[in-house]
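The sequence and structure are shown first.

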Amino acid sequence: AGVTTTEMRKALLGITAEQVQTFIAVVRRGRCSQTEISKITGFTRQATSRHVAKLVRAGLLVQCQDPESGRRRVVRLTARGRLVPAALNGTARGAGR
């Protein structure tokens, strides 16, 4: 049972362009810290924190302890978050037919 385009739209509903940039940074980078996301996006640490919090509430990202360093917290995609790029790619391919 795959995720429908409607479910993807619901997941992205209310997500701002800046939050999409934050999400894309995690998609491209993989597990990373908020500081790393700030450097990639150019957003302040405070803005990045707000964007990550919104994406966590949307079920697209999760914050957890870094398995390599107990003191560091990292951000990574959730199972739902990993489905978004695939769904968007599928939609883009389907649109060209």
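Is E36 buried or exposed? E36 has a relative accessibility of 19%. The cut-off for a buried residue is under 20% relative accessible area, and E36 therefore counts as buried.

## Model and overall fold

The structure is a predicted model. The average pLDDT of the chain is 84, and 75% of the residues score at least 70. Where pLDDT is low, the predicted coordinates should not be read in detail.

Five helices and two strands make up the secondary structure of the chain. Their order along the sequence is α-α-α-α-β-β-α. The chain has 97 residues, of which 32% count as buried. Among contacts in the chain with a separation of 6 or more, 47% come from residues 24 or more positions apart.

## Helix α3 and its surroundings

Helix α3 spans residues 34–41. Its buried residues are E36, I37, S38 and T41. These buried residues of α3 pack against α2, α4 and β2. Just after α3, G42 adopts a positive phi of about 85 degrees.

## Packing of α2 against α3

Two packed helices are described by the angle between their axes and the distance between the axes. For helix α2 (residues 17–29) and helix α3, the angle is about 110 degrees and the axes are 10 Å apart. Angles of 65 to 115 degrees count as roughly perpendicular, and α2 and α3 are therefore roughly perpendicular to each other.

On the α2 side, the contact involves Q21, T22, A25, V26 and R29, which meet E36, I37, I40 and T41 of α3. Sorted by class, the residues in this contact of α2 with α3 are four nonpolar, three polar and two charged.

## Packing of α3 against α4

Helix α4 covers residues 45–57, and its axis lies 9 Å from that of α3, at an angle of about 110 degrees. This angle makes α3 roughly perpendicular to α4. From α3, the residues in contact are Q34, T35, I37, S38 and T41, while α4 contributes R45, T48, S49 and V52. The contact of α3 with α4 comprises two nonpolar, six polar and one charged residues.

I37 and T41 of α3 take part in the contact with α2, and I37 and T41 also take part in the contact with α4. Both residues are listed among the buried positions of α3.

## A salt-bridge network

Side chains of opposite charge can pair when their charged atoms come close. How many salt bridges does the structure hold? There are four salt bridges in the structure.

One of them joins E36 to R29, with the closest N and O atoms 2.8 Å apart. R29 has a relative accessibility of 46% and therefore counts as partly exposed, whereas E36 counts as buried. E36 also forms a salt bridge with R72, where the closest N and O atoms are 3.7 Å apart.

R72 is partly exposed, its relative accessible area being 31%. The side chain of R72 meets that of D66 in a salt bridge as well, at 2.8 Å from N to O. D66 has 5% relative accessibility and counts as buried. Through shared partners, the salt bridges join R29, E36, D66 and R72 into one network.

## E18 and its contacts

Which residues does E18 touch, not counting residues up to four places away in sequence? E18 touches F43 and H51 on that basis. E18 lies in helix α2, and at 35% relative accessibility E18 counts as partly exposed. The C-alpha atoms of E18 and T48 are 8.9 Å apart, although the two residues are 30 residues apart along the chain. T48 is one of the α4 residues that contact α3.

Definitions and conventions: Residues numbered from 1 in each chain as written. Predicted model: local features only at pLDDT ≥ 70, side-chain atom pairs only at ≥ 80, totals over all residues. Heavy atoms only, no water. Axes fitted to C-alpha atoms, helices over the stretch in contact; angles between N-to-C directions. Helix = DSSP H or I, 4+ residues; strand = E, 2+ residues; numbered from the N terminus. Parallel < 35°, antiparallel > 145°, perpendicular 65-115°, else oblique. Contact = heavy atoms within 4.5 Å. Nonpolar A, V, L, I, M, F, W, Y, C, P; charged D, E, K, R; others polar. Buried < 20%, exposed > 50% of the residue type's maximum accessible area, 1.4 Å probe, protein only. pLDDT = per-residue confidence, 0-100.
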